[in-house]
Amino acid sequence: MENLLRLRAHRPGTLVKHAAYLHARTAGQIGSLSHLIREAALVAITEGTERITKQLLSEVELDAAAETQARPARPAQRK
């Protein structure tokens, strides 16, 4: 996927470096991963940065299923 990015300032290996984060964030769903990377690339182009960073990835909103599965469960509050 990373080899297909045509962003001028993107550093090769960035997505591989963040593989564990990407897997956790997308709940291991390839469709969610594809959406995340595509949206991040579009934002990078629009903003003129032409690179994907972990910060940018964290700002992209995903589909509800991925967001729900990726969030850690909150412990029940004690009364």
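A nonpolar core is a set of buried Ala, Val, Leu, Ile, Met, Phe, Trp, Tyr and Cys residues joined through side-chain atoms within 4.5 Å. Buried means under 20% relative accessible area, exposed over 50%, and partly exposed in between, with a 1.4 Å probe and protein chains only.

**Entry: ground rules.** I am working with a predicted model, where local features need pLDDT of at least 70, side-chain atom pairs count only at pLDDT 80 or more, and totals for chains, interfaces and linings use all residues. I number residues from 1 along each chain as its sequence is written, and side-chain values use heavy atoms, with hydrogens and water left out.

**Entry: overall layout.** I looked up the secondary structure and got 5 helices and 0 strands. Helices (H or I, at least four residues) and strands (E, at least two) are DSSP runs, numbered from the N terminus. The order from the N terminus is α-α-α-α-α. The protein chain has 79 residues, and 32% of them are buried. Next I took the accessible surface, by the Shrake-Rupley method with a 1.4 Å probe. The protein chain comes to about 5800 Å², with 53% belonging to carbon and sulfur atoms.

**Entry: contacts.** I count a contact when heavy atoms lie within 4.5 Å. Of the contacts with a separation of 6 or more, 62% join residues 24 or more positions apart.

**Entry: the core.** I then looked up the largest nonpolar core, which has 15 residues. L15, I52 and L57 have the most contacts inside this core. Helices α3 (30–47) and α4 (54–59) each supply at least two of its residues. The most come from α3, with 6 residues. In soluble globular proteins, nonpolar side chains tend to be buried together.

I checked L57 on its own. Not counting residues up to four places away in sequence, L57 touches L15, Y21, L22, R25, L36, A40 and I52.

**Entry: L5.** I found L5 in the segment before α1 (14–17). L5 is buried, at a relative accessible area of 16%. Its contacts, leaving aside neighbours within four places in sequence, are H10, L15, I37, A41 and I52. L5 and A41 are 36 residues apart along the chain, yet their C-alpha atoms are separated by 7.7 Å.

**Entry: helix α2.** Which residues of α2 (19–26) are buried? I get L22, R25 and T26. They cover an arc of only 85 degrees around the axis, so they sit on the same side of α2. I take that arc from the directions from the helix axis to the C-beta atoms. On the other side of α2, A20 and H23 are exposed. A27 follows α2, and its phi is positive, near 55 degrees.
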